[in-house]
Amino acid sequence: MAKHVNMVDKAVIMDSQAIKRALTRVAHEIVERNKGVNDLVLVGIRTRGVPLAQRVADEIKRIEGIELPVGILDITLYRDDLSTLAYQPIVHETLIPFSINDKKVVLVDDVLFTGRTVRAALDAIIDIGRPSAIQLAVLIDRGHRELPIRADYVGKNVPTSGKEIVSVQLSSIDSGEQVVIKEIIEA
């Protein structure tokens, strides 16, 4: 007999102000670590990494007065679970209208979990060009890594159990602006 799975909200761990504060801190850390913004570009991993990358770029512009290029990376065809997702997966556009050769690329994503999305993003970026360095910025690091990958910049570390999901909701995509831990309930 098939199990029925429900998800229930367990806790709101970040509201819109906490998300804004975390992204402001991440932007400052990126500027500080890279000693400015020379040869720096941001690339958001679809879906929620894209608006997060744009927000970090906006904050860096406020801090440094320089507008950084922001690209969009679709990793669908680079996923190691592609055959289990769908017979015909939906591939969206990768849009990086600037050279990444010899640039410091900061990949931006919403949640770092197993590391598999980041591995796919690394493969995709390396197929596009040869950056001088690749760094990773995430809003949430929830642990449970399956690959030896870690973020350079983390908005918030959130220890989770295997029966929890971290849901990042951004107003530009979703109905609200918050980060929620949801619990999986099998019935």
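At the start of helix α1, a side-chain oxygen of Asp15 comes to within 3.2 Å of the backbone nitrogen of Gln17. This is a predicted model, in which local features need pLDDT of at least 70 and side-chain atom pairs count only at pLDDT 80 or more, while totals for chains, interfaces and linings use all residues. Residues are numbered from 1 along each chain as its sequence is written, and side-chain values use heavy atoms, with hydrogens and water left out.

Helices (H or I, at least four residues) and strands (E, at least two) are DSSP runs, numbered from the N terminus. Helix α1 covers residues 16-33; at 1.5 Å a residue its 18 residues should span 26 Å, and the end C-alpha atoms are 26 Å apart, which agrees. The expected span is 1.5 Å times one less than the number of residues. Just after α1, Lys35 has a positive phi of about 50°.

Buried means under 20% relative accessible area, exposed over 50%, and partly exposed in between (1.4 Å probe, protein chains only). Among the buried residues of α1 are Ala18, Ile19, Leu23, Val26 and Ile30.

A nonpolar core is a set of buried Ala, Val, Leu, Ile, Met, Phe, Trp, Tyr and Cys residues joined through side-chain atoms within 4.5 Å. The largest such core has 31 residues, and Met14, Ile30, Ile60, Val106, Leu139, Ile140 and Val179 have the most contacts inside it. Helix α1 gives the most to this core, with 8 residues. A second, separate core of 21 residues includes Val43, Ala121, Ala124 and Val138.

A salt bridge is a side-chain nitrogen of Lys or Arg within 4 Å of a carboxyl oxygen of Asp or Glu.

| Pair | Closest N and O atoms |
|---|---|
| Glu29 and Arg25 | 3.5 Å |
| Asp123 and Arg119 | 2.4 Å |

The pair of Lys182 in strand β8 and Asp9 in strand β1 (residues 5-14) links distant parts of the chain, 173 residues apart. Lys182 is buried, at 18% relative accessible area, whereas Asp9 is exposed, at 51%.

Glu29 and Arg25 are 4 residues apart in helix α1, so they are separated by about one helical turn. Asp123 and Arg119 also lie 4 residues apart, about one turn, in helix α4 (residues 116-128). Arg33, Arg150 and Asp152 form a network of salt bridges.

Key: A polar contact is a pair of N or O atoms within 3.5 Å; within protein, one must be able to donate a hydrogen and the other to accept it, and residues adjacent in sequence count only if both atoms are side-chain atoms.
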